[in-house]
Amino acid sequence: MEVSRRQFLSIGPAGVLGGSALGFDLTESIRVKQRLRIEGATLSHSLCPYCAVGCSLIAHTKKAANGKTELLQIEGDPDSPVNEGTLCPKGATSLQLAISRRRVPHPLYRAPGAAEWKQVSWEFALDRLARNIKASRDATFVTQDADGNVVNRCEGVAFAGGAAFSSEEGYLATKLMRGLGLVHLEQQARV
């Protein structure tokens, strides 16, 4: 008797309970399947955040006993025409981007001359960042070039956008940076 892959998978538990049509017992494999970590998980489609290729991902999530949603697994989407289920080594580790125990969950700050980092609030970190950008901009703003032409540009700050920026995010970032007078802009819209 020849059984296709699809027929084999469609047998399911009913076939096992009634005795295998294949001539062997699948009870143990069903029991193992029930213990799989991703069994019964919710599938969500997403995109890899690392580069501009835009490989499709499938994230497996499940509600934990404490009511929080737990991310269990991320893998390539086999139905994607972009990556056909494959991921580069960096994309294959995207689960660690979300749940790594080594990931720093809070902003850290090391004052000039200090040897230790200290945990600070997001408000402190963003305020400090804004102050440093303004100070650098003010210190390096050029109003005229050597020939006396009005240029009004900042030469002391550069901006590098993320590879996973959408067109709208890239447009917004460019507008914001041009508003500050930046001339050194780069988007990693390539691999």
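A polar contact is a pair of N or O atoms within 3.5 Å, where, within protein, one atom must be able to donate a hydrogen and the other to accept it. In this predicted model, the side chains of Ser 80 and Ser 56 make such a contact, at 3.2 Å. The side chain of Ser 80 also has a polar contact with the side chain of Asn 83, here at 2.8 Å. Ser 80 itself sits in the loop that runs between strand β3 (69–76) and helix α3 (89–92). With a relative accessible area of 5%, Ser 80 counts as buried, because the cut-off for that class is under 20%.

A look at the aromatic rings turns up one pair. Tyr 109 and Phe 124 are its partners, and their arrangement is edge-to-face, with 5.1 Å from centre to centre and 70° between the planes. Tyr 109 belongs to strand β4 (residues 108–109) and Phe 124 to helix α5 (residues 122–140), so the pair links distant parts of the chain, 15 residues apart. Tyr 109 is buried, at 15% relative accessible area, whereas Phe 124 is partly exposed, at 33%.

As for the protein as a whole, six helices and eight strands make up its secondary structure. Read from the N terminus, the order of elements is α-α-β-β-β-α-α-β-β-α-β-β-α-β. Buried residues account for 19% of the 191 in the protein. Of the contacts between residues at least 6 apart in sequence, 32% join residues at least 24 apart.

Methods
Residues numbered from 1 in each chain as written. Predicted model: local features only at pLDDT ≥ 70, side-chain atom pairs only at ≥ 80, totals over all residues. Heavy atoms only, no water. Helix = DSSP H or I, 4+ residues; strand = E, 2+ residues; numbered from the N terminus. Buried < 20%, exposed > 50% of the residue type's maximum accessible area, 1.4 Å probe, protein only. Phe/Tyr/Trp six-rings, centres within 6.5 Å; stacked < 30°, edge-to-face > 60°. Contact = heavy atoms within 4.5 Å.
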